[in-house]
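Me: I would like to go through the labels used for a structure and ask what stands behind each one. Please set every value against its definition.

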Amino acid sequence: MNRVTQNLVLTLLGCAVLRISAFSPTYLNYVKPGFQPFLIGAGAVLVILGVVGLLQVSRAGDLSAGRAATGGHGRSPRDHDETPGTSSGHGHVPGSDGSHGPDDLDVPHGQDGSHGGHDHAGGGPRVAWLMCLPVFAIFLIAPPALGSFAASRDDTPPPRDQSLSSFTPLTGTGAVTMTVGEFIGRAWDDDKKSLTGRTVRLTGFVSPARKKGQWYVTRMQIACCAADAFPLKVAVKGLDAPPADTWVEVTGTWIPQTFGKMPNGVVYPQMTGESLAVVKAPDEPYE
């Protein structure tokens with residue numbers, strides 16, 4: 001990989017970062033919204049470094065071409081006026097006395113560093129080509145947000161504490177739109193049981209359940225990026241399950257738990273589904 005290719009890959013990588021962060025909401029599939037300025041800055045720096053590197057390589061090529069056109073290290077006009085075989089009028093003719101000067105010796109090409117051999121000065125490790133993989137992935141197959149496969153892993157850690165010091169009273173008489181995380185917090189930690197008898201509307205993607213007769217409306221929650229994501233799930237009963245990873249808007253009522261002590265393991269709150277609508281995946285898929 002020569003310097004031109006290295007700087008070209010650097011420029012393309014910066015363009016790919018800018019494409020997903022400055023010109024589309026694709027970056028939200030991987031990080032929280034607050035990281036957008038840092039991604040834009042990083043992409044801009046990569047593009048600038050790549051373009052500057054390309055300009056430097058181009059300038060170096062122009063200088064080399066100019067030296068070649070002027071004869072490089074050729075002799076001065078004074079040298080051409082001198083008698084062949086002499087040096088400034090007091091040299092000797094090679095071979096006249098059987099001796100040879102240093103300038104008369106044949107030097108094999110490649111041994112004096114000026115001819116032959118291979119020039120690796122502008123090369124780089126072949127592993128540098130791996131920098132092209134993120135570019136191809138972003139431009140050709142941009143990975144989607146985490147879905148039901150990630151949410152159904154057996155090694156998924158238990159949800160972080162969703163409890164709040166106080167919950168805002170639910171006003172009005174119609175369906176209340178809330179996040180899956182808020183529903184879980186109110187279901188487990190609201191002493192006033194504000195969900196009792198209230199119709200709520202949740203939006204998330206479908207993930208299958210092992211238990212028959214129910215499925216989960218799910219949202220992934222992240223603290224920094226998709227690497228630390230964990231699922232927030234609410235079990236839906238009374239409605240047929242759409243295909244996995246389908247984004248839906250579910251309307252229903254909370255099913256209060258009857259057990260007195262929280263059992264071991266992860267227990268998800270439940271709701272009785274009343275209606276369901278398939279919706280488009282939001283630009284910001286994580287809570």
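What follows is a set of questions on labels, each with its reply.

Me: What kind of model is this, and what are its ground rules?
Reply: This is a predicted model, in which local features need pLDDT of at least 70 and side-chain atom pairs count only at pLDDT 80 or more, while totals for chains, interfaces and linings use all residues. Residues are numbered from 1 along each chain as its sequence is written, and side-chain values use heavy atoms, with hydrogens and water left out.

Me: Why is Ser-148 called buried?
Reply: Buried means under 20% relative accessible area, exposed means over 50%, and partly exposed lies in between (1.4 Å probe, protein chains only). Ser-148 has 8% relative accessibility, so Ser-148 counts as buried.

Me: Where does Ser-148 sit, and what does Ser-148 touch?
Reply: Ser-148 lies in helix H5, residues 148–151. Helices (H or I, at least four residues) and strands (E, at least two) are DSSP runs, numbered from the N terminus. Contact means heavy atoms within 4.5 Å. Not counting residues up to four places away in sequence, Ser-148 touches Phe-205, Val-206, Ser-207, Pro-208, Ala-244 and Asp-245.

Me: What makes Glu-182 and Arg-186 a salt bridge?
Reply: A salt bridge is a side-chain nitrogen of Lys or Arg within 4 Å of a carboxyl oxygen of Asp or Glu. The closest N and O atoms of Glu-182 and Arg-186 are 2.9 Å apart, so the pair meets the definition. The structure holds two salt bridges.

Me: Why are Glu-182 and Arg-186 separated by about one helical turn?
Reply: Because they are four residues apart in helix H6, residues 180–189.

Me: Are these two partners buried or partly exposed?
Reply: Glu-182 has a relative accessible area of 27%, so Glu-182 is partly exposed. Arg-186 is at 3%, so Arg-186 counts as buried.

Me: How do you know that Glu-249 and Arg-201 meet in a salt bridge?
Reply: Their side chains are 3.8 Å apart, N to O. That value is within 4 Å, so the pair qualifies. The pair links distant parts of the chain: Glu-249 is in strand E5 and Arg-201 in strand E2 (residues 199–208), 48 residues apart.

Me: Why are Glu-249 and Arg-201 called partly exposed?
Reply: Glu-249 is at 28% relative accessibility, so Glu-249 counts as partly exposed. Arg-201 has a relative accessible area of 23%, so Arg-201 is partly exposed.

Me: What makes H6 mostly covered?
Reply: Seven of the 10 residues of H6 are buried. They are Val-180, Gly-181, Phe-183, Ile-184, Gly-185, Arg-186 and Ala-187. The cover includes E2, strand E3 (214–221), strand E4 (230–237), E5 and strand E6 (270–278).

Me: How do you know that E4 pairs with E6, and how is E4 joined to E3?
Reply: Two strands pair if DSSP finds at least two bridges between them. E4 and E6 have three bridges, in the parallel sense. Val-236 has Met-271 in E6 as its bridge partner. Eight bridges join E3 to E4, and these strands run antiparallel. Gln-214 has Lys-237 in E4 as its bridge partner. E4 is mostly covered, with seven of its eight residues buried.

Me: Why is Ile-255 called partly exposed, and what is Ile-255 in contact with?
Reply: Ile-255 is at 23% relative accessibility, so Ile-255 counts as partly exposed. Ile-255 is in strand E5, residues 247–255. Leaving aside neighbours within four places in sequence, Ile-255 is in contact with Lys-237, Gln-270, Met-271 and Thr-272.
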